[in-house]
Amino acid sequence: MLRQLALTDMGEAAQVHRIAFDQAMPWLVGLHTPDEDRWFYRERVFTTCRVWGRFDDDVLSGIIAFHEGWVEQLYVLPAAQGRGVGTELLDVAKRASDQLELWTFERNAPARHFYEARGFALVEQTDGARNEEREPDARYLWTGR
């Protein structure tokens, strides 16, 4: 089941983010505490984005946060990856936008492949000097059908 998330879902959303992030990028494990993650979702994500989630048997398995042509967060629990959850969530944002942009880390090859397979084109790469993690990153653009 897909639905827009409410602030009461913030803790679960932050947990999905952390689990998926740590699995995809183990070299960045421990970057933030669970309290910091919850603060980020409560004060930043839910105040600026539309946040949607995918539930499997009442368990939140994936989230997307987007606004004004940008995907800010897209995370799917490792156990739910490869089952269409990320595509379903991305489609919610695509239906609400004429174009979408997003950043992902260059080293996150599975994410890059996921976005490219869904019509996103690489438009910029950086050395990571402007992101908190100091990881080289890649900006992608999707311009609709």
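Modeller: A residue is called buried under 20% relative accessible area, exposed over 50% and partly exposed in between, with a 1.4 Å probe and protein chains only. The model is predicted, so local features need pLDDT of at least 70 and side-chain atom pairs count only at pLDDT 80 or more, while totals for chains, interfaces and linings use all residues. Residues are numbered from 1 along each chain as its sequence is written, and side-chain values use heavy atoms, with hydrogens and water left out.

I begin with the nonpolar core (a set of buried Ala, Val, Leu, Ile, Met, Phe, Trp, Tyr and Cys residues joined through side-chain atoms within 4.5 Å). The largest such core has 21 residues, and L5, Y41 and I63 have the most contacts inside it. At least two of its residues come from each of α1 (10–24), α2 (34–48), β2 (50–56) and β3 (59–67); here helices (H or I, at least four residues) and strands (E, at least two) are DSSP runs, numbered from the N terminus. The largest share, six residues, is supplied by α1. Leaving out residues up to four places away in sequence, I63 is in contact (heavy atoms within 4.5 Å) with L5, A13, V16, H17, Y41, W52, G53, Q73, L74, Y75 and L89. A second, separate core of 20 residues has L74, V92, L100 and L102 among its members.

The strands around β3 come next. Seven of the nine residues of β3 are buried, which leaves this strand mostly covered. Two strands are taken to pair if DSSP finds at least two bridges between them. β2 and β3 run antiparallel and are joined by seven bridges, with R54 opposite G62 in β3. They form a hairpin with two residues between them, and D57 in the turn has a positive phi of about 50 degrees. On to β4 (residues 70–76): β3 pairs with it in the antiparallel sense over six bridges, and V71 in β4 is the bridge partner of F66. This hairpin, too, has two residues between its strands, and E68 in the turn has a positive phi of about 35 degrees.

Aromatic rings of Phe, Tyr and Trp (its six-membered ring) pair if their centres lie within 6.5 Å; planes under 30 degrees apart count as stacked, over 60 as edge-to-face and the rest as tilted. The count comes to five aromatic pairs. The ring centres of Y115 and F120 are 5.6 Å apart with planes at 65 degrees, so this pair is edge-to-face. Y115 is buried at 7% relative accessible area, and F120 is buried at 4%. Y115 and Y140 have centres 6.4 Å apart and planes at 40 degrees, so they form a tilted pair. That pair links distant parts of the chain, 25 residues apart: Y115 is in helix α4 (residues 109–117) and Y140 in strand β7 (residues 137–142). Y140 is buried at 0% relative accessibility. One aromatic cluster consists of F114, Y115, F120 and Y140.

Apart from residues up to four places away in sequence, T104 touches A111, R112, Y115, D137, A138 and Y140. A121 in strand β6 (residues 121–126) is partly exposed at 38%. Beyond its neighbours within four places in sequence, A121 is in contact with R139, Y140 and L141.

Charged pairs remain. A salt bridge is a side-chain nitrogen of Lys or Arg within 4 Å of a carboxyl oxygen of Asp or Glu, and 12 are counted. D9 and R3 form one at 3.0 Å, N to O; D9 is buried at 6% relative accessible area, whereas R3 is partly exposed at 28%. R38 and D35 meet at 2.2 Å, N to O, and being three residues apart in helix α2, they are separated by about one helical turn. R38 is partly exposed at 32%, and D35 is exposed at 52%. R139 bridges to E101, with the closest N and O atoms 2.3 Å apart. R139 lies in strand β7 and E101 in strand β5, so this pair ties together parts 38 residues apart in sequence. E101 is buried, with a relative accessible area of 13%. Finally, salt bridges that share partners join R54, D56, R83 and E88 into one network.
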